[in-house]
There are 2 protein chains.
Amino acid sequence: MSLMGRQVQVVSYPVGQVGPEHFEVVDVPVDPVGPGQVLVRNTWSSVDPGLRLRLREAAPEGYFVAFPLHSAMDGIMTIGVVVESRADGFEVGDTVWHALGWRDYAVVDASAVQLGGLGTLRTLDTSIAEPQWYLGALGGMGLTAYAGLSVVGALKGGETVWVSAAAGAVGSLAVQIARLHGNRVVASAGSDEKVNWLLDDVQVDAAFNYRAAPVRDGLAEAAPDGIDVYFDCVGGDHLEAALDAMRRDGRVAICGSISEYESEPAGPRNLFLAVAKDLTIRGFRGSSNLDLLHTMQAELGSALADGRLQQRETVFDGLASAPQALIEMIAGRTTGKTLVHITDAR
Amino acid sequence: MSLMGRQVQVVSYPVGQVGPEHFEVVDVPVDPVGPGQVLVRNTWSSVDPGLRLRLREAAPEGYFVAFPLHSAMDGIMTIGVVVESRADGFEVGDTVWHALGWRDYAVVDASAVQLGGLGTLRTLDTSIAEPQWYLGALGGMGLTAYAGLSVVGALKGGETVWVSAAAGAVGSLAVQIARLHGNRVVASAGSDEKVNWLLDDVQVDAAFNYRAAPVRDGLAEAAPDGIDVYFDCVGGDHLEAALDAMRRDGRVAICGSISEYESEPAGPRNLFLAVAKDLTIRGFRGSSNLDLLHTMQAELGSALADGRLQQRETVFDGLASAPQALIEMIAGRTTGKTLVHITDAR
């Protein structure tokens, strides 16, 4: 008798806000393991803002592909344990990452390139890190924060950097990395509780609640002399405020625009300031910077080990909670890395 | 009796379209020449899109300063001949450039830094070039085109580049420089006559009239495989079309946004494509790349001398024609570098 698994499927595309009605948890027989494949029992699955962009007929051109209806959602980073292997280099019991998330069992082609290479099957060293850290600080989130600051934003040390959504998965790492690299760090988030965490725990230099006053005002108060780099996860009024506050030769690193994922986006009306102040605005995907993965893991792994870096998490329990986790995250009600802990695989 | 000169003054700031009623030609006594100063009889004065941004109470932050009402308009590139000198290194009869344009006589401080250094008083070699070329290919326009392609847009050779406003002062140089550097060049302009000039005379690889069809359609036909670099003088729908057409790792070099100088600007609604396709968008001012001036002048001077590069000009005669020159240029009714030939200095 074949193994039965469960997976979360998209059953309709949301217009505007995503809700539980757009998903269904479906029982599916797990395929037999073929040559070059492994069977993974998933333990942790990722919940990322970018998933929202793929709940459409077509995702933005050049981005990761859209999720088809009534099918498995491929291309979501996941941690699991190998329970059967027909692929060289992978043993039963190995903890791995791959990109077939939002399901309890996954048959993974060891050589399949997923998420631009980032999601390709890989064995993880769990002697130095908790498994789920590989979905956060030591995975795509860490890579996005690290590459966004060091390469895309070309942050030099001794500069002033503003990180938006700074209590989020990427932002909470970006503020810490920027601080470790000797910069003045300004952070924004959507609640006083998050702001307090950023000030007291993370010890950023300044922080403000963007829901308490116009972003421009909060930023002007937190960074009265302007900013050199803006790490953008939000877009919209945040990006406009950043362009206003930029010093000459400033840089914007855009990893996402979560404020615009559920509405018609409007571009920054003050983009001309890029000409006036010689600004650079770069969009990027963490996975486009795979060459930095090992450097990032070494540096952040050591900082995690000795406590200079913390990974904050919001954990949802059980596979079926994945849609709710996404909904809560987009609404700004989670802190740090949002994770689904798949404790209920059969 | 002191010398009487004339200057164009702004008498009110335009809301929407600029018109002749916003200017006045005023007779003014020319100041005596002090130590470290020279008196220049101006012969050619520049007319640039960016001047429109300074016909306001305040120009965009970080840009060149606004023109005050009822005063001389400082900060406009100009060519003239020294008629009196009390500054070391400048002799009567020298052809010079400086930044006190839109007047017939100018008393210039030899050491005053103007337009970020670009407009500081400088003697020109007229044995190798027509004087007015220093307001075009061998001046700020050449520097903007050259720096925008080579540094800001990081054009590598063998790539596809789109230049908008390609029959304009900067654009007409950018298409030629890009071609000389071995790229596939796509050009757009606002009339069939300009498009024909670009195709037949400049011999770009493809060109389209952006008024004949939506920009996106014209671009898609001219560059069916997409573009690597977009040289932007226009903004608005042009910039959106470019983001759509960009290949991964594409670059946008923005030197201006003339389509938005007389209206409320709207940012590009598809800016998220920068994330999806790892794009870089950089604004810049030519004068921020002064370190390239000599390299540019050597390369473009040689290309002008042997006919590989041409400077096209639209010349307005007499100082009083300067406002009309600006109006015609913004309306897209001039080709190449727009110049005022000051033939009527007393």
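Figure 1. The model is predicted: local features need pLDDT of at least 70, side-chain atom pairs count only at pLDDT 80 or more, and totals for chains, interfaces and linings use all residues. Residues are numbered from 1 along each chain as its sequence is written, while chains are lettered from A and ligands numbered from 1 in the order in which they are written.

**Figure 2. Where domain 1 of chain A touches domain 2 of chain A.** Contact links 18 residues of domain 1 with 14 residues of domain 2 (C-beta atoms, placed from the backbone, within 7 Å). The domain 1 side has six nonpolar, nine polar and three charged residues. Here Ala, Val, Leu, Ile, Met, Phe, Trp, Tyr, Cys and Pro count as nonpolar, Asp, Glu, Lys and Arg as charged, and the others, Gly among them, as polar.

**Figure 3. Helix 1 (residues 140–152) of chain A.** Chain A has eight helices and 15 strands. These are DSSP runs, numbered from the N terminus: helices are H or I, at least four residues, and strands are E, at least two. Helix 1 has 13 residues, yet its end C-alpha atoms are only 15 Å apart. A straight helix would reach 18 Å, taking 1.5 Å times one less than its number of residues. Just after helix 1, Ala154(A) takes a positive phi of about 50 degrees.

Figure 4. Twelve of the 13 residues are buried, so helix 1 is largely enclosed by the rest of the structure. Buried means that 20 or more other C-beta atoms, placed from the backbone, lie within 10 Å of the residue's own. Among the buried residues are Met141(A), Leu143(A), Tyr146(A), Leu149(A) and Val152(A). The cover includes helix 2 (169–180), strand 11 (227–232), strand 12 (246–254) and helix 7 (293–305) of chain A. Strand 13 (280–283) and strand 15 (337–341) are also part of the cover.

**Figure 5. Phe272(A) and its contacts in chain B.** Phe272(A) lies in the loop between strand 12 and helix 6 (273–276) of chain A. This residue counts as buried because it has 23 C-beta neighbours inside 10 Å. Leaving aside neighbours within four places in sequence, Phe272(A) is in contact with Pro60(B), Ser257(B) and Pro265(B). Leu243(A) is 29 residues from Phe272(A) in sequence and 9.1 Å away in space, C-alpha to C-alpha.

Terms used:
Two residues are in contact if their C-beta atoms, placed from the backbone, lie within 7 Å.
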